[in-house]
Amino acid sequence: MLKLKSVVVGVVILALFLGIGLLGTRIEANEYPSKPIEMVVPYAPGGGTHIAAEILVPGAEEFLGQPLQISTKPGAGGAIGATYVAKSKPDGYTLLYTTLSLAIAPYLGKVGYNIDDFVGIAQCSDVAAVIAVKADSPWDNAKDIQEWVKENPGKFSWAHPGVGSSLHIQGANAFFEMGVLKDTKDVPFKGTAPGVAAVLGGHVQAISTFLPAIAENVKAKQLKVIGVGGPSRLPELPEVKTFQEQGYPAMLTSWRGVFASKNTPPEILKKLEMSFAQIISSDPYKERSVKLGEPLVYKNMSEFTSMLRRDSQAMETLLKNMGLYKQ
Amino acid sequence: MELLDVFYSILTISNILFLCLGVIGGMIGGALPGISPSMTIALLLPMSLYLPTSNAIMLLIGAYQGAMYGGSISAILINTPGTASAAATAFDGYEMARQGKTGKAIGMSLAASCSGGFIASIMLIILAKHLALVSLKFGPAEYFGIMLFALTLIAGVCGDNLLKGLMAATLGLLLATVGMDPVVGTERLTFGLFNLYDGFSMLSVFIGVFALSEILVQLRTPGKDLDTTPEILDYRQDRLTFKEYWSQKWNILISGIIGCFIGILPGLGGSTASFIAYAEAKRRSKTPEKFGTGIIDGVAAAESANNGVCGGALIPMLALGIPGDVVTAILIGAFVAQGIKPGPLLFTQNLKDVYAIYFGLILSIIALFIIGMLALRFIAKIVSIKKSILFPCVFMLCVVGTYSARGNLFDCLMMILFGLFGYFLRRHKFQIAPFIIAYILGPEVELNYRLALRISDMNYLTFIQKPISLFFIVFTVLFVVFSVFKKKVFKQWVSKGTN
């Protein structure tokens, strides 16, 4: 009796497994996505880019139908993770979430990918860099700095968080537009924090940074912002002019967004574009991005991809002038 | 009393629960090689975004303290520092475990971690604003001074063969130069491999040189040694006595203060702190030759210092909005998402949040102590596993741990190469400590030296024009001269050379 029972139970379990198995294969054959999608963040876990990617996750199951699994693969200014994605199977199951560095890295050294290997799926945010100085310093705007540097070449140093980082490039872009890039010294600290400390302590004169890193110091009147990169002023600092308004069109901004391999089948790209557009326009995502201080700027696939190509070309001139160009 | 109000509001069941959860999570994360304290916090971060503010603070601060201690568990048990900050703990902790004193080693590590954390918390509470201003006095030139001094401490950990120690240190410095030049961005010794663009991953060096090379050395032990159950001392004999703890009181105090001070300086972290404290404890010791052979002082110094970093790193974060290390950088993100904005205005506008963080810190130390004590007996049992079973497990842990840090198989390959390299060093009686310390400090010395020159327009006098850097340089020179004469190492060395 007992034996019969266990045989019956065994058969039922087997049937269930087979059934589930069949069901699984059928879905896989018809519809993308049928399994969790890996999204590679080529930066250290816990950093700004990782957190920004993390807020896409909760909406994924609702709009994409499968969970997004974030894996961080930091290194070489984002090039290691990007190369990993470029070399993965272009089946839509390995995506890349990255920043302007995607366009920078190929010019700085050997990377395992081409800019043309990627298509943009969705731009998620756009962060402008600012140049800030100590509140009691003699400069109030870009013109003051420009004139001072011309009179004192080699005496003006500015901090950024590492050679080839997007803040390095954006800061250089501003000084380049002022025409004084070669008379300033860029000082690559290990991250933004030591740089802010060095400006506060008077060891360097300025810093290229994103506003959130210094927002409290600006409020407390320890630092002041000289100008804002990109096309528009910051909502937190409505009185501070952009560099463009001051006559020096430094337009590079650090965007963040989702990319896929360009060889991904078009119907999958379409599905991804649609789903990410839905996630980004959903209320929970908006709420979370406000909380994090991530300015929400969306661009669709064709707009975002052409922006990548355009920024990549702009980078060539700039990096040649910075003496960083290596190709 | 606002202070008491905050205290009562903090003391809720859910807060205590999340605090303990954080401590346990941190301990596990810290103990697993490859999951650094920063990654532990990063893993808990998404969860904390959906918690009420006080719960989130408790969870993250608990995890921070727990992870700093957790790293020592695997360092002591299997010679695999779970985090970079626990590498110095492995020098003596693992040797103690090999002598059957696992319980003592882990007990000391726990007691020192809690004490160091406590010392730094007190410094944070009393001196936060003043110490934050001190941190601003340090620019690249001053950093160079202090790092130069730290580098000379290497001579102290070279053991009886200064020449071999210095050779090991030079190898460490050489390997640290691999990767992108930190100032102008040219590739150095990368041989066109973009995986080496950032240099060797620190974890692959640590795990290879410590853990894998240890396995390789042990495999050479003949006979049935690998297949017998190691004897461990009885639980009662193998526990840390109060007398042993009290004998380390000055060591723990000084190391905790060193840890706190290194924590205050942005950009440096737990590994630098624990090495400096370790070397300093050895210098002070009456029996320096015993360091590295399983002496309890070594464990106490390293662990007190790396938990001291927690309190220290919070100082510039709370007072200036500048994170003191990698973990606090992530904490800032979490706090901002919770509506707390660390920065110069926090103390004037949101004193309640500051108090909540203070209490969180103190409570987390208490929770760490209790949970650590409860876990101690079970943790120590791991050593009684047969080596023939333990080693394959450790090897798998080495590979998985190295992989998980950056998700890069290349790092695993490097880890194995460094294992062979470490085996070579050990077989030929080169000390591991100078190699590791030089490897950690080398890049700091180089970067700050070059940044200082860049800022001063290539003015080499900048190092002696700045009082703090001058102080450290003079101190370094005096220290070197003094130790050469005192220990007569120099004379021995010369006589050996002439013979």
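This is a predicted model: local features need pLDDT of at least 70, side-chain atom pairs count only at pLDDT 80 or more; totals for chains, interfaces and linings use all residues.

Biologist: Which residues in helix 5 of chain A are buried, then?

Modeller: They are Ser101(A), Leu102(A), Ala103(A), Ile104(A), Ala105(A), Pro106(A), Tyr107(A) and Leu108(A).

Biologist: And what covers the buried residues of that helix?

Modeller: Several parts of chain A do, including helix 4, strand 3 (94-99) and strand 4 (118-127). Helix 7 (166-178), strand 10 (254-261) and helix 12 (301-322) of chain A are also among the covering parts.

Biologist: You mentioned helix 7. I spotted His168(A); where is its place?

Modeller: His168(A) sits in helix 7 of chain A.

Biologist: Is His168(A) buried or exposed?

Modeller: His168(A) has a relative accessible area of 4%, and the cut-off for buried is under 20%, so His168(A) counts as buried.

Biologist: What is His168(A) in contact with, leaving aside neighbours within four places in sequence?

Modeller: Its contacts are Trp158(A), His160(A), Gly162(A), Val163(A), Asp186(A), Met322(A) and Leu324(A).

Biologist: Let's zoom out. How many helices and strands does chain A have?

Modeller: Chain A has 12 helices and 11 strands. Its C-alpha atoms fill a box of roughly 100 × 40 × 30 Å along the principal axes. Of the 327 residues in chain A, 55% are buried.

Biologist: What share of the chain A contacts with a separation of 6 or more comes from residues 24 or more positions apart?

Modeller: That share is 76%.

Biologist: New topic: salt bridges. How many are there over all chains?

Modeller: The count comes to 20. One of them joins the side chains of Asp140(A) and Lys224(A), at 2.9 Å from N to O.

Biologist: Where do Asp140(A) and Lys224(A) lie?

Modeller: Asp140(A) is in the loop between strand 5 (129-134) and helix 6 (142-151) of chain A, while Lys224(A) is in strand 9 (residues 223-228), so their pairing ties together parts that are 84 residues apart in sequence. Lys224(A) is buried, with a relative accessible area of 18%.

Biologist: What about Glu316(A) and Lys320(A): how many residues apart are they in helix 12 of chain A?

Modeller: They are 4 residues apart, which means about one helical turn separates them. Their side chains meet in a salt bridge, with 3.7 Å from N to O. Glu316(A) is partly exposed, at 28% relative accessibility.

Biologist: Over to chain B. Which side chains does Glu446(B) meet in a salt bridge?

Modeller: Glu446(B) meets Arg450(B), at 2.9 Å from N to O. The two are 4 residues apart in helix 19 (residues 432-455) of chain B, so about one helical turn lies between them. Glu446(B) is partly exposed at 21%, and Arg450(B) is partly exposed at 23%.

Biologist: And which residues are linked in a network of salt bridges?

Modeller: Glu95(B), Arg98(B), Glu214(B) and Arg426(B) are.

Biologist: Now, how many residues of chain A are in contact with chain B?

Modeller: 47 residues of chain A are in contact with 50 residues of chain B. Together the chains bury about 3,900 Å², with 62% of that on carbon and sulfur atoms.

Biologist: Which part of chain A gives the most to the side that touches chain B?

Modeller: Helix 8 of chain A does, with 5 residues. The residues on that side of chain A divide into 23 nonpolar, 13 polar and 11 charged.

Biologist: Last one: what does the model score for ipTM and pTM?

Modeller: The scores are ipTM 0.85 and pTM 0.83. For chain B, the mean pLDDT is 86, and 94% of its residues reach 70 or more.

Definitions and conventions:
Residues are numbered from 1 along each chain as its sequence is written. Chains are lettered from A and ligands numbered from 1 in the order in which they are written. Side-chain values use heavy atoms; hydrogens and water are left out. Contact means heavy atoms within 4.5 Å. Buried area is the accessible area (1.4 Å probe) that two parts lose on being put together, summed over both. Ala, Val, Leu, Ile, Met, Phe, Trp, Tyr, Cys and Pro count as nonpolar, Asp, Glu, Lys and Arg as charged, and the others, Gly among them, as polar. pLDDT is the predictor's confidence in each residue, from 0 to 100. Buried means under 20% relative accessible area, exposed over 50%, partly exposed in between (1.4 Å probe, protein chains only). A salt bridge is a side-chain nitrogen of Lys or Arg within 4 Å of a carboxyl oxygen of Asp or Glu.
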